[in-house]
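Please keep the structure open beside you as you read.

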Amino acid sequence: DHVALLTILDVEEPRSIVTEATTNPGDAIAWALHALQKAPTRRRVIIFLTDGESNVPPPALKPRQAAQLAGNMQVPIYALDAAPADDTQGDAAKAKETLEEIAKLTEGRYLRATDGAALTQALQAIDRLERDAIRSFHYRRYDEGYPWFALAALACWLAIVGLEATWWRKVP
């Protein structure tokens, strides 16, 4: 539901506390793997949209370690690199290398998505690669037929009562 999603996003505020304003792709992948354990589908994949930045101190789970977990669970990761197109410095190159390695370790793919059109193309490419039937509720509308049969039966009964009162009256 787009309206609900936009309402939720309007309420969200950026985290400005130093301890909360961190990015750890390794934890994100691990949380996604945990959530996928309950998924009812046969095929499980992770679409990992990120700018590749990781600013968490060393004791945290590294993206490569999380990718190895995903590879062991046979969950491919489609890494969508959303870093700006003009960002070609050392950190961006390192992030790109990390995302390519994550995709390679999990038998997924690395895709670049610098703007909305590129993101749409990347998601369409993933959609062509990953096809699985999704079970959902199917609602059917049934129309009851008994009122029509009851009305026909009433008409027949009234006809019989009327005819018995006139021409087809029983002779005593």
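Is Lys96 buried, partly exposed or exposed? Lys96 is partly exposed, because its relative accessible area is 36%; buried means under 20% relative accessible area, exposed over 50%, and partly exposed in between (1.4 Å probe, protein chains only).

## The model and its chain

This is a predicted model, in which local features need pLDDT of at least 70 and side-chain atom pairs count only at pLDDT 80 or more, while totals for chains, interfaces and linings use all residues. Residues are numbered from 1 along each chain as its sequence is written, and side-chain values use heavy atoms, with hydrogens and water left out.

The chain holds six helices and three strands, where helices (H or I, at least four residues) and strands (E, at least two) are DSSP runs numbered from the N terminus. Starting at the N terminus, the order of elements is α-α-β-α-β-α-β-α-α. Of the 172 residues in the chain, 22% are buried. Contacts (heavy atoms within 4.5 Å) between residues at least 6 apart in sequence join residues at least 24 apart in 81% of cases.

## The sheet

The three strands make an open parallel sheet in the order S1-S2-S3; strands count as paired if DSSP finds at least two bridges between them. S1 and S3 are at the edges with a single partner strand each, so one side of each has no neighbour in the sheet. On average, neighbouring strands are turned by 20 degrees against each other, direction ignored. Axes here are lines fitted to C-alpha atoms, for helices over the stretch in contact, and angles run from 0 to 180 degrees between N-to-C directions.

Strand S2 (residues 77-81) has five of its five residues buried. Ile77, Ala79 and Asp81 point one way from S2, while Tyr78 and Leu80 point the other way. Five bridges connect S2 with S1 (residues 46-50), and four connect S2 with S3 (residues 109-112). Tyr78 is the bridge partner of Ile47, and in S3 the bridge partner of Tyr78 is Arg109.

Helix H5 (residues 116-129) lies across S1, S2 and S3, at about 170 degrees to S2.

## Salt bridges

The whole structure contains three salt bridges, each being a side-chain nitrogen of Lys or Arg within 4 Å of a carboxyl oxygen of Asp or Glu. In one of them, Arg64 meets Glu101 at 2.5 Å, N to O. This pair links helix H3 (residues 63-72) to helix H4 (residues 90-105), across 37 residues.

Asp81 and Arg112 form another, with their closest N and O atoms 3.1 Å apart. Asp81 lies in strand S2 and Arg112 in strand S3, so this pair ties together parts 31 residues apart in sequence. Asp81 is buried at 3% relative accessible area, whereas Arg112 is partly exposed at 33%.

Lys96 also has a partner: Glu100, with the closest N and O atoms 4.0 Å apart. Both lie in helix H4, four residues apart, about one turn of the helix.

## The surface

The chain exposes about 13,900 Å², of which carbon and sulfur atoms supply 58%; accessible areas come from the Shrake-Rupley method with a 1.4 Å probe, and for residues only the protein chains shown count as cover.

Trp148, Leu151, Leu154, Trp157, Leu158 and Val161 make a nonpolar surface patch of about 670 Å². Patches consist of residues with over 30% relative accessible area and no salt bridge, with like charges joined within 9 Å and nonpolar side chains (Val, Leu, Ile, Met, Phe, Trp, Tyr) within 5 Å. Trp148 belongs to helix H6 (residues 146-165) and counts as exposed at 63% relative accessibility.
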